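Let's take a friendly walk through the salt bridges of this model. Here are the sequence and structure to keep at hand.

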Amino acid sequence: MRGRDPHEAHRTATPLELLFDLTFVIAFSQASAQAAHYFELGHTSTAVTGFVFGIFAVTWAWINFSWLASAYDTDDVFFRIATFVEMIGVIIMALGLPAFFHSLDEGHHVDNGILIAGYVVMRIATISLWLRAAKDDPARRAVCLSYATGIAIVQVGWIVAIIANPPPWLALALMAVLGILEMLVPAIAERRGPNTPWHPHHIAERYQLLVIITLGEVILGTVLAVSSVVEESGWTLEAAMLAFGGTLLAFTMWWSYFVLPSARLLERFPERSFIWGYLHIGLFGAVAAVGAGLHVAAYAIEGKAHVDDVYVALTIAIPVVLFTILMFGINDLMTRTIDGLHLGVTAGVIAIAAAGVALAATDVHLAWSVLVIAVSPIVIVLAYELGGHRRTAATLATHGV
C-alpha cells in the first residue's frame, strides 16, 4: 500500500468497489423506509432526526472508505478481507436503523447500539488499512497514522455512547459531537504531510455511482406509489401519471447531476475537495429523501397515511429543492463564483415544486401534484441543453478548467 498514482490514466471503479456499494442499497432503503413510515404518521421530528443521523452514519462511512481506496487500493487479499468487514458493518448498521427510529419515536431512550456497532465495525476495518498504509508508505506515514489514531479515538467515544445510555437529548447531542469529530479527522490528518494520493476522476466517478444508487430509492418509491394506485383502482390515468412522473424525476435528477464537471473541478482545485466531498452528504440524503417522499405518497394513496396531501407533497418537493440547491452550491463553491444561470434554474425548480404543493391543496388526485413536482428538474435539463453548457464551459475556462 505505497499509494496509487493520482494521475493514472483510465482509473475507474473496481468490481470490488461496485460490490461494496451494493450493501448501501440496503442501508439507504432502510433509512428511507423508516423515514417514510414516520412521515405518514405525522411524526415529523422522528422521521427527520432518524433520517439525518442514519444517512450521516451510512454516507460518512462510505466516504471515508472510498477516499482511502482511491489512494491506496491494492485489491489484494488483505484489502479484500477488509472490504468484506466493511460490508458486514454496513449490514449491521442497516439492521439497527428500525430500532433507532422506534426509540426516537417513543422518546424514553435512544436505541442506537446496533447502529453504532455496525459503524464501529466498519471503522475498525478502516483503521487496519490506514495502519498498513502507514507501514508501506513512509512519505505519508504521519498522515496515515493521524487517520488511524483519530478514527480510533472517536470510536472509543461511540462505544462510550452505547454503554452510558444517556437521556435522549444528551444521546443525540453526543452523537452530533462525535459526528463533527469524525469529520475533523481527515482535515487534521491531511495537514500532517503530503496529501494522500487520491485520484480526482476516480473519486468523482465513485460519488456519481452512489448518486445512481440513491436514485434507486426514487425508482422504488415510484413503484410503491404506482402499485398503491393499481391495487386501489386498477390501471388508471393517475397510475400512469405516477409511473411517468416518478421515472421522469429520477431521470432528470440523474441528468442534472451529471452535467456538472466534478472530476475536472477536483483536478483543478484539489485543495477544495473537503467542501465538495462533505456537502455531498446532504446531497445523497436529499436524493434518498425524494424516494422516502414517494413512499409516503404510496401510503397516502392507499389511505393509510395520517397526514394530508399537502404534507405528502412537501415530503417530495423539499428534498427535490434541497438537491438542486446543494448540487449548484457545491459547483459554485468549487469555482468561488455565483452563477446567474444556477440561480435562475434553482428559482424555476422552486416555483414549479411550489405549484405542485399548492395543487395538493385542491381536490385533484395526489398523482397530479406528484407529477408537477416531478417535472421541476426539467428546468435544469432544458437550461443546459439549450445553451447553458456553453456558458458553464466559458465560466470554467476563466478558472483554468
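Predicted model: local features only at pLDDT ≥ 70, side-chain atom pairs only at ≥ 80, totals over all residues.

## A buried arginine

Arg206 has a relative accessible area of 1% and therefore counts as buried (buried means under 20% relative accessible area, exposed over 50%, and partly exposed in between, with a 1.4 Å probe and protein chains only).

Residues are numbered from 1 along each chain as its sequence is written, and side-chain values use heavy atoms, with hydrogens and water left out.

Asp21 and Arg206 form a salt bridge, with 2.7 Å between the closest N and O atoms (a salt bridge is a side-chain nitrogen of Lys or Arg within 4 Å of a carboxyl oxygen of Asp or Glu). Because Asp21 sits in helix α1 and Arg206 in helix α7, this pair ties together parts 185 residues apart in sequence (helices are DSSP runs of H or I with at least four residues, numbered from the N terminus).

Arg206 also forms a salt bridge with Glu17, where the closest N and O atoms are 3.5 Å apart. Glu17 belongs to helix α1 (residues 15-40) and Arg206 to helix α7 (residues 200-233), so the pair joins parts 189 residues apart in sequence.

## Elsewhere in the model

The whole structure holds 12 salt bridges. One of them pairs Arg140 with Asp137, at 3.0 Å between the closest N and O atoms. Arg140 is buried at 18% relative accessible area, and Asp137 is buried at 5%.

A network of salt bridges links Asp76, Arg132, Lys135 and Asp136.

Notes
Helix = DSSP H or I, 4+ residues; strand = E, 2+ residues; numbered from the N terminus.
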